[in-house]
Amino acid sequence: MGFSFHRPDTIDAAISFAGVHGEDARFIAGGTDLIIQINRRRLAPRHLISLAGLGLDRISETSGEYVIGAMATHDAVVTYPGFQHELIALAEASAVIGGRQVRNIATVGGNIVNASPAADLVPVLLTLDAVVELRGPAGARSLPLDRFLVERGRTVRRPDEILTSVRFAKPPTASATAFLKAGRRKAMEISVICVAAHLVRGGKARIAVGAAASRTVRVRDAEALVERQGAGAFHEAGRLAAAEVTPIDDVRASARYRDLLVAALVERALASCAERIGKANP
Amino acid sequence: MSSYERRVAGKRLPRIDGIGKVTGKHVYAADFALPGMLFGKILRSSEAHARIRRLDVARALALPGVRTVLGAGDIPQIRFGTAIKDRTMFAQGEVRFRGEAIAAVAATSLEVAEAAVRAIEVEYEPLPAVFDPEEALLPGAPLVHAGWSDYQALPVFDREGNISGRSAIGDGDLEAGFAQSYRIYEHRFTTQHVHPGYTEPRAAVASWDGNGDVIVWSNTQLPFDMKNMLAEVLDLPASKVRVIVPGIGGGFGGKLRVGVEHYAAWLARKSRRPVKLITTSEEELTDAYPRQPTIVTLKTGVTRDGRLLARQGRVILDCGAFANSGPATAAIALQVLAGPYRTPHLAFEGIAVYTNKGATGSFRAPAGPMANFAVESQIDLIADDLGIDPLEFRLRNVYREGDKGPAGETLASVSIEECLRRAADSIGWSERKPLGKKGHSRGKGIACSWWLTTGGSSGVYVRINPDGTVTLVSGAVELGSGAITGAAQILAEELGVELAQINATDVDTHVSPYDYGAQGSRTAFSVGNACIAAARDLKRQIGALLAGQWNVPADSIRLEAGSVVSGEKRMSLADVAALSQRSGGGLISHGTAIQPMPVFDPNRVRHHPLPAWTSHSFHAHAVELSVDQVTGEVSIDRYVVAQDVGYAINPTYIEGQIEGGVAQGIGQTLSEEIVYDGGRVLNANLTDYKMPTMMDMPRVECILIEKPSVNGPYGAKGVGEPPCIQPPAAIANAVAAATGVRVQSLPITAEKIALRLAGKAGKDG
């Protein structure tokens, strides 16, 4: 019953704390999911280790890439100048996570580590071939987000590892992203289906789908089709994407409806990307 | 009713309780605390229907900080209930729904109380359960209450087995009516459980004093009903129970009946410490008083030119494991089915049915949205089939002034035609299916209804103070609607003072005069009338006091602008109050009001607790919306309400009521549902119970129609409940107009529409 709250000043102190307490400890970022899990008695950590004092909340860019600190809030993503054009899908996804109060405290790192199949930002990051940076007792390691996610609630992160940032390459000018979400209401909503797409003119296509499988997934058959055939294949890509996912029936929606949504939203997200590329590169 | 210009009534003045609430200083029941207070928690059944074989509280009692553990064996076995005394505080040997209280704990902290509840051991022996109300009606169905015939009940209800109440309304010759009909239509509609969605959970703090009296601070809507009910359960004279309502964060009919107050009172009695209980979201969604699900079947015969000839209907209402207001709600559904349409031959039956699910209650306009969804959906289906415009079809059939209502009562102040025309004009009805944006279908829908202003008496004490202010002591609580501000505006008008001079007190059953309570769209209406009576009495007192002194006739004395005036003579109201205090105890009055019952034909109604409606109101809603042709997502573009309010005491707060009611109606229509899988609620949390957010709400355009009632203050009619009645039907009709998909089950989710558009679902979606 109850927990101790720790607020270390350095990443190393946080890691060593986690090492000492093992399974009894949890890192806490925004806490918008963790606290609910604790209140619903699904988790009962004895120690909460805050990541708030570690300076991980910056979003930055170099000539080649963007780095989002794990503690950057969704609100920060929504307003970040670099995410208003080719990378607008990041802002679009962050803008529909929870409500204003949630976006003001919930973090990008939390959205990733929590590994909800319905996480809104994760499909966008997957389409950007994002790489996550981890720090643990043995030092730093990085790996593609696609390999970081295992299944609902599970990643390859070890209990004493901290996700410090997520990074991805700056996209070429003739490219675009789009994010779409379906739910029963327009805010404070967990996605029934969410879809992200990333198209590079004459180049790669990335499509990822959330809430349609035991984790957020890329739909590679659909991607390959679009890379081969372009805009004429968007409708068929939607159909292929629906065939690649394995949604379930639950209280939020039926699998049948989720299939329908995947097909529709994948086609729309691709069309939106194509339109955005056209508008920005007349 | 005079037509003189009013100074205070009818004005958009700020509410008298506004500052405290918007600055966060107002103390709600959930905020209330006492020194040394313990925290209570309830152990709830994990089975839908089972015998309790063993209940062992030893481990709970042994936990440090636990002061009291109570089970069925520790208190007298007293049955209570609104229509039927079918419920006990704790399950007595048998649980009847998953979530029913089995035991309660009081401990020094909420965490300890929760741990103690988890430490209680219960063994169950499952019993056959019934969850579907139609199955519950079949011969041989498991009985939810095997001992139903031994229960005390209001004599009006016709009960048998799982039927907790059966009512009927009828007139004419149904068979002849159908025989004469040009066409006959039969449809079935279903509606879901929805929670009232008040912001503040149900909360109570109970404390016993040295005289053996109990004080309960609660956010109940009905403090006097609560006082009597607690006296019953505590086996005390009612005078020993004092209920105080510090503040209440919304009720919507969900806080009419006892929730946590009796547990707090019993735990406090046993532990000899004040005890507080407050519900969680999970408790709210499993053991509260949500709107009952219904199955409504309608058979309607019409003439070739679209006149209703014969209508037959049946409402099966799933009241859950305890009747509460279910039998009355099933009965009131019949008036909603009947009106606002003339029908020479009709026969409607309402059946409230027990199932092994959570109890239900009187959520805002009980029966209204369910019955109206059925009637108004079917009217559109019929009109479209006959090739008659749905608005025109309605106008051919609606009540006219002087018509007979369903129980043969004479209808006065009938405004339904004006409501329909104003709503239709505003939405641009002539273009029912405008062009949608790419990938979207657009359509418009209309629905109308009528509703009552609930009766019951109101009393107020009004005191004019020597500082010129006026104290209003009402037994009705301010639910948040602004109704007490409305009553205060009437009082200020009558006394010739400003609204800001009126102070209204909290309700305290030891102090406040009796009021039937903040329910049934009656508060501003009935308390307003009581204020008029009190003001008249005060004028009489003032006249008697000053007539001799001033040597003027008492009837020449008037109140105006804070003064008492007769000819050249003038004295401030404050000075008159001071004079009265010096000479005779002050200016205090007890004003009372009750609505007269209309005359009706008893042959038309059977087993109906409320056969004829008082001070009925009429209203029409019109909506324009867009539907995504693939995902089925509905976006409401415009929403118009034309409501006859009789007299708009304060248009701002009436509009607030309309906007809020439409929001709740939109929730019931598009997104909200307590989803049961057998006896288990699948979404007992606010993540998956989907009330609309501001992002889902259109701007609601309000048209206030003022056709005065005979009995309301200045002609007012009840306004609070009606706005949530028509959204389901209006939206269903608009979705059908837009897409051709007619959804006959609530909620009308995007999924139902999309699967129907894709040809992947059954007809009822």
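This is a predicted model: local features need pLDDT of at least 70, side-chain atom pairs count only at pLDDT 80 or more; totals for chains, interfaces and linings use all residues.
**Entry 1: domains**

I began with the domain assignment. Chain A is split into domain 1 (4–50), domain 2 (59–169) and domain 3 (175–280). The centres of domain 1 and domain 3 of chain A, taken over C-alpha atoms, are 34 Å apart. For chain B I noted domain 1 (18–27 + 455–593), domain 2 (32–127 + 199–250 + 255–286) and domain 3 (294–393 + 413–453 + 601–757). In chain B, 38 Å separate the C-alpha centres of domain 1 and domain 3.

**Entry 2: chain B against chain A**

I looked up the contact between the chains next. Chain B brings 34 residues to it and chain A brings 21 residues. About 2300 Å² is buried between chain B and chain A, with 55% coming from carbon and sulfur atoms. On the chain B side, Thr631(B), Lys690(B) and Glu751(B) account for 22% of the area buried against chain A, more than any other three residues.

I checked Asp628(B), which forms a salt bridge with Arg268(A), the closest N and O atoms lying 2.6 Å apart.

For chain B I listed the elements that give two or more residues to the side touching chain A: helix 3 (110–119), strand 27 (634–644), helix 16 (651–671) and helix 18 (750–757). Helix 3 of chain B gives the most, with 5 residues. Sorted by class, this side of chain B has 16 nonpolar, 8 polar and 10 charged residues.

**Entry 3: domain 1 against domain 3 in chain B**

I turned to the contact inside chain B. Here 16 residues of domain 1 of chain B touch 21 residues of domain 3 of chain B. The two domains bury about 1300 Å² between them, and carbon and sulfur atoms hold 61% of it. Ser481(B), Ser521(B) and Phe525(B) supply 45% of the area that domain 1 buries against domain 3, more than any other three residues.

I counted 0 salt bridges between domain 1 and domain 3 of chain B. Polar contacts are present, with 6 residue pairs across this interface, both residues at pLDDT 80 or more. Helix 13 (483–495) and helix 14 (523–550) of chain B each put at least two residues into the domain 1 side. Helix 13 of chain B gives the most to that side, with 6 residues. The domain 1 side divides into 4 nonpolar, 9 polar and 3 charged residues.

**Entry 4: Gly718(B)**

I located Gly718(B) in the loop between strand 30 (700–705) and helix 17 (727–739) of chain B. Gly718(B) has a relative accessible area of 1%, under the 20% cut-off, so I logged it as buried. Leaving aside neighbours within four places in sequence, I found Gly718(B) in contact with Thr453(B), Ser521(B), Phe525(B), Ser617(B) and Gln643(B). Ser521(B) and Phe525(B) were already in my notes on the area that domain 1 buries against domain 3. I also noted His616(B), 102 residues from Gly718(B) in sequence and 7.7 Å away in space, C-alpha to C-alpha.

**Entry 5: helix 11 of chain B**

Helix 11 (390–397) of chain B came next. Of its 8 residues, 6 are buried, so the helix is largely enclosed by the rest of the structure. The buried residues are Pro390(B), Leu391(B), Phe393(B), Arg394(B), Leu395(B) and Asn397(B). They pack against strand 13 (294–302), strand 14 (308–320), helix 10, helix 12, strand 16 and helix 17 of chain B. I found Asp389(B) capping the N-terminal end of helix 11, with a side-chain oxygen 2.8 Å from the backbone nitrogen of Leu391(B).

**Entry 6: salt bridges elsewhere**

My search of the whole structure gave 75 salt bridges over all chains. I looked up some of them.

- Asp380(B) pairs with Arg432(B), the closest N and O atoms being 3.7 Å apart. Asp380(B) sits in helix 10 (residues 368–386) and Arg432(B) in the loop between helix 12 (416–427) and strand 16 (440–451) of chain B, 52 residues apart. Both residues are buried.
- Glu401(B) pairs with Lys707(B), with closest N and O atoms 4.0 Å apart. These two are 306 residues apart in the chain. Glu401(B) is partly exposed at 46% relative accessible area, and Lys707(B) is partly exposed at 30%.
- In chain A, a network of salt bridges links Asp129(A), Lys204(A), Arg206(A), Arg218(A), Glu223(A) and Glu227(A).

Note on methods:
Residues are numbered from 1 along each chain as its sequence is written. Chains are lettered from A and ligands numbered from 1 in the order in which they are written. Side-chain values use heavy atoms; hydrogens and water are left out. Contact means heavy atoms within 4.5 Å. Buried area is the accessible area (1.4 Å probe) that two parts lose on being put together, summed over both. A salt bridge is a side-chain nitrogen of Lys or Arg within 4 Å of a carboxyl oxygen of Asp or Glu. Helices (H or I, at least four residues) and strands (E, at least two) are DSSP runs, numbered from the N terminus. Ala, Val, Leu, Ile, Met, Phe, Trp, Tyr, Cys and Pro count as nonpolar, Asp, Glu, Lys and Arg as charged, and the others, Gly among them, as polar. Buried means under 20% relative accessible area, exposed over 50%, partly exposed in between (1.4 Å probe, protein chains only). Domain bounds come from an automatic or database domain assignment. A polar contact is a pair of N or O atoms within 3.5 Å; within protein, one must be able to donate a hydrogen and the other to accept it, and residues adjacent in sequence count only if both atoms are side-chain atoms.
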